Amino acid sequence: MPFDEARYTRDVLEPARQAGGAPPADLRQRYQLRDGMSAAEMVETVRQVRQCWRRSRQMLKFRKLIDTLETEHARYSPLFDAAAAGQPGPLQEEIRQSAERDAKRRADLRRRLDDAAGKLRMLPPDVVAGIAKSSGVGAEDATRVAQELGIEVRDPDPLPQTPPYAAYPKVRAALDTMGERHLAGFVFTARKTGIKVLGPITGILDQVAMLERDAQRKTRGPWTVGADTVFISLRNTPDPAALLRYDMAARLRERVREHPYDDTLMRHAIDDLGLDAGEAKRLIFAIRQETGMSGGPAGRLRELVEAGEIQAAADFVEALPDGALGAEAGELAAEVRSRLAKAVQLRDQARAETDPDRAWIMLEDALSRAPDLPGIGDLLAGLGPRPPGDVRAALQGDGVVLSWSASPSRAGEIAYEVLRDGVVFAEVPRPGVRDERPPINKPVTYSVVARRKQAASAPIAAAPLTFRPEPDELRLTAVDGIVTGQWRTPPEALRVVVTRDGRPIPVEGSGFRDRDVRNGTTYHYLVAAVYPDGRGEVVTPGLRRAVTPEARPEPIAEFTVEQAAADPGALLIRCAEPPSGVAEFLVFAAEPRWPYGTTLPLREVRAAGRVLAATQTRDGYVLRAANVSGVLVAVTVVGDSATLGAHREHVNLPAPSQVTAVRRGGVVFVGLEWPKDVPEIEVRWNGRHQVITSAAYRSQGGIRLDIPESEAPTIEVAATAVMKGARIRGPAVRAPLAALTPIQYDLRHEGSFGRKTLVVEVTSERPAEIARLVLVIKAGRIQPSSAEEGRVVAEWTAVSTPARLTAPMPKQSKPYWLRCFADGVELIDPPVRVLRAG
């Protein structure tokens with residue numbers, strides 16, 4: 001079914017505009033999609049829908065809605081592209097979700113309408129429209145849903161806002177004096193229930209005459225005086241029915257101010273006032289809606305103005321009787337008349353204007369004042385913009401690029417339609433477009449039309465051209481003494497011809513094989529397509545390629561992998577440099593499927609693995625990205641060919657970090673930062689080794705090694721793992737420790753009182769040397785922990801064991817401590833009784 005733009009505007013855009021600019025949630029309605037549409041039909045329908053959007057956006061009332069539609073289309077565009085490419089699943093899922101959102105929106109509308117209707121089951125059209133707008137549903141749909149819920153949608157009955165009789169308060173007082181419920185009850189005494197005051201009321205004056213005759217037969221008193229007051233009011237009121245209606249409304253208004261529930265009001269109106277049930281509901285509904293400008297004629301006027309219907313608002317004002325609008329509504333009516341008068345003046349000026357751009361500006365100004373002013377659309381449709389200039393079409397790659405200068409017109413929003421042989425194939429907001437699918441080998445004329453809403457300029461055509469594509473997917477490969485070529489022949493082409501430096505090369509199908517070449521020489525090939533043109537054949541300019549055959553790459557027979565000494569985070573690969581070509585190293589997930597020495601296109605080899613960046617040094621090739629695991633493959637690359645060499649399995653075992661080694665007597669504690677994803681660590685020292693698991697390291701709080709203090713070990717820590725039954729090690733981190741020789745000393749006093757000498761005897765199991773030995777004294781009962789905490793008594797340097805050292809005893813009252821300190825050695829103190837005095 002062809003796309004009907006008028007129906008789409010009426011059934012989709014207009015209800016969405018009335019709904020506050022909320023687009024339809026259901027994508028099937030938004031894009032006019034139908035079950036069973038082909039991909040081509042879907043693409044064409046979506047294109048026509050978007051064209052309708054762009055044309056409708058020129059109308060002020062649709063601008064907000066269209067901007068929202070275009071913004072949301074950016075999210076749906078990939079889904080339509082995928083569906084056009086044969087993958088409808090994502091679009092179908094989005095359509096299903098959009099239908100669920102639409103159902104939820106309508107359920108929310110039903111709930112809100114039901115709540116708003118209450119016990120009266122009545123709603124005014126403006127409230128229904130407001131609920132519909134905030135729910136994103138059209139007013140007509142909301143009215144239909146309200147009817148399904150048993151809600152009557154109607155305007156409130158107009159009730160008098162001021163008493164039609166100036167002395168009404170006296171009438172009210174007289175009725176109270178007589179004990180009457182209301183004026184209608186007094187006039188129609190026989191009617192105790194079912195009283196109606198909204199429709200035409202006949203026979204009022206006849207009833208008044210009968211009541212007057214009855215009153216004359218009664219004794220004069222307060223009742224007869226009150227009755228006379230009522231009789232006078234009814235006879236002196238132009239419309240007695242209006243006075244009865246006002247009296248009834250005034251009594252209900254007093255009760256409404258108490259904010260009762262609807263059922264309470266209904267009970268009061270029917271039981272207490274004796275009103276007919278239907279009229280009681282209508283009266284309560286009308287009074288409930290009397291909220292200043294939101295109800296009655298004033299509310300309707302405000303509704304029309306807010307909807308932009310200025311012409312309709314002016315007609316509405318003219319149809320109202322004098323005094324029907326209050327002061328505020330009267331000011332609004334004056335504004336409506338002023339806006340409409342100015343809009344009409346601008347429209348008439350535009351009709352006489354000879355400049356289309358100036359006339360367009362006047363009409364847009366008129367629309368901003370009165371969007372519903374009749375005759376504007378027809379005038380705008382005749383004000384086409386000035387045509388674009390300098391339209392050019394040029395072949396570029398596998399398409400045609402069109403360019404032109406913008407229309408000189410500056411009024412309104414200018415868009416451009418691009419036609420191919422008179423048929424529109426693109427609409428763009430600014431100059432420039434590319435035809436991705438031009439007809440092949442057929443003369444084509446492109447033209448451009450500037451469009452402003454429904455008005456269009458004359459088409460401006462570019463020079464005709466013929467699109468003849470070159471061979472597609474051209475690939476030339478040069479190997480040892482052979483150059484081969486492959487391509488895909490374009491449709492409509494008769495054949496493809498190949499020349500090498502001006503010499504024809506035989507073609508076989510969609511390729512050629514040229515053996516008449518020498519290695520090391522660069523050859524230039526031209527590959528062109530041949531098309532029929534009705535008078536013979538036409539050869540395209542062709543594609544030029546330069547290739548250089550090289551001798552077959554020699555494979556790399558073997559290589560080794562080790563840690564780079566200069567960079568612990570890199571690998572060093574040692575191998576013999578190939579005689580020709582460049583060595584390249586790749587990592588494969590598994591062993592290569594090709595045997596050793598196979599020569600393949602380079603792109604095929606690289607597609608099977610990942611190339612590792614390598615820097616050639618005098619020691620070999622340094623791979624900076626060493627944190628890889630897999631099969632390392634060495635290949636020799638020459639031109640576009642690669643020959644597979646040796647390969648070996650490699651596991652990334654990162655070196656531990658923050659390695660520390662601390663002596664505690666005969667035990668060395670080793671700590672480190674455990675490498676990620678490493679199961680075990682191997683520790684080696686002085687010809688011994690130990691394998692530590694991650695769990696053991698954490699449970700023991702580190703690594704404990706029993707190493708005598710007399711040994712000077714170099715501790716190596718490396719990550720390790722078992723692969724194919726053999727244990728492999730990663731790069732090691734070394735922590736050297738020096739040997740320790742414990743040195744003991746003893747303290748004693750010699751000499752007579754007053755000439756005492758301190759004697760320090762230093763001994764060790766093996767000869768040792770102390771670079772600096774300090775003897776300090778400290779007063780008090782706390783032992784010094786460093787030389788800085790006491791007073792230096794004596795200091796010796798380069799002390800070799802065994803040694804006997806003396807120093808004069810300083811004067812110091814008890815208690816005090818004497819203690820020696822040495823740098824770089826383990827100094828063993830004598831017993832405390834020797835060090836402490838007092």
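User: What does Glu 750 form a salt bridge with?
Analyst: Keep in mind this is a predicted model. Glu 750 pairs with Arg 804, and their closest N and O atoms are 2.9 Å apart. Glu 750 sits in strand S37 and Arg 804 in strand S41, so the bridge ties together parts 54 residues apart in sequence.

User: Is Arg 804 buried, exposed or partly exposed, and which is Glu 750?
Analyst: Arg 804 is partly exposed at 47% relative accessible area. Glu 750 also counts as partly exposed, at 29%.

User: How far apart are N and O in the Arg 734 and Glu 716 salt bridge?
Analyst: That one is 3.0 Å, N to O. Arg 734 is in strand S36 and Glu 716 in strand S35, 18 residues apart. Arg 734 counts as exposed at 55%, while Glu 716 counts as buried at 19%.

User: How many salt bridges are there in the whole structure?
Analyst: The search finds 55. Some join up: Glu 5, Arg 54, Arg 55, Glu 417, Glu 427 and Arg 451 are linked in a network.

User: Switching to helix H3, how long is it?
Analyst: H3 covers residues 39-57, and its 19 residues reach 27 Å from first C-alpha to last, close to what is expected. Its buried residues include Trp 53, Arg 55 and Cys 52, and Cys 52 has a relative accessible area of 0%.

User: What covers those buried residues?
Analyst: Among the elements covering them are helices H1, H2, H4 and H5, plus strands S5 and S6.

User: And how many disulfides?
Analyst: The whole-structure search finds 0.

Note on methods. Residues are numbered from 1 along each chain as its sequence is written. This is a predicted model: local features need pLDDT of at least 70, side-chain atom pairs count only at pLDDT 80 or more; totals for chains, interfaces and linings use all residues. Side-chain values use heavy atoms; hydrogens and water are left out. Helices (H or I, at least four residues) and strands (E, at least two) are DSSP runs, numbered from the N terminus. The expected span of a helix is 1.5 Å times one less than its number of residues. Buried means under 20% relative accessible area, exposed over 50%, partly exposed in between (1.4 Å probe, protein chains only). Contact means heavy atoms within 4.5 Å. A disulfide is a pair of cysteine sulfur atoms within 2.5 Å. A salt bridge is a side-chain nitrogen of Lys or Arg within 4 Å of a carboxyl oxygen of Asp or Glu.
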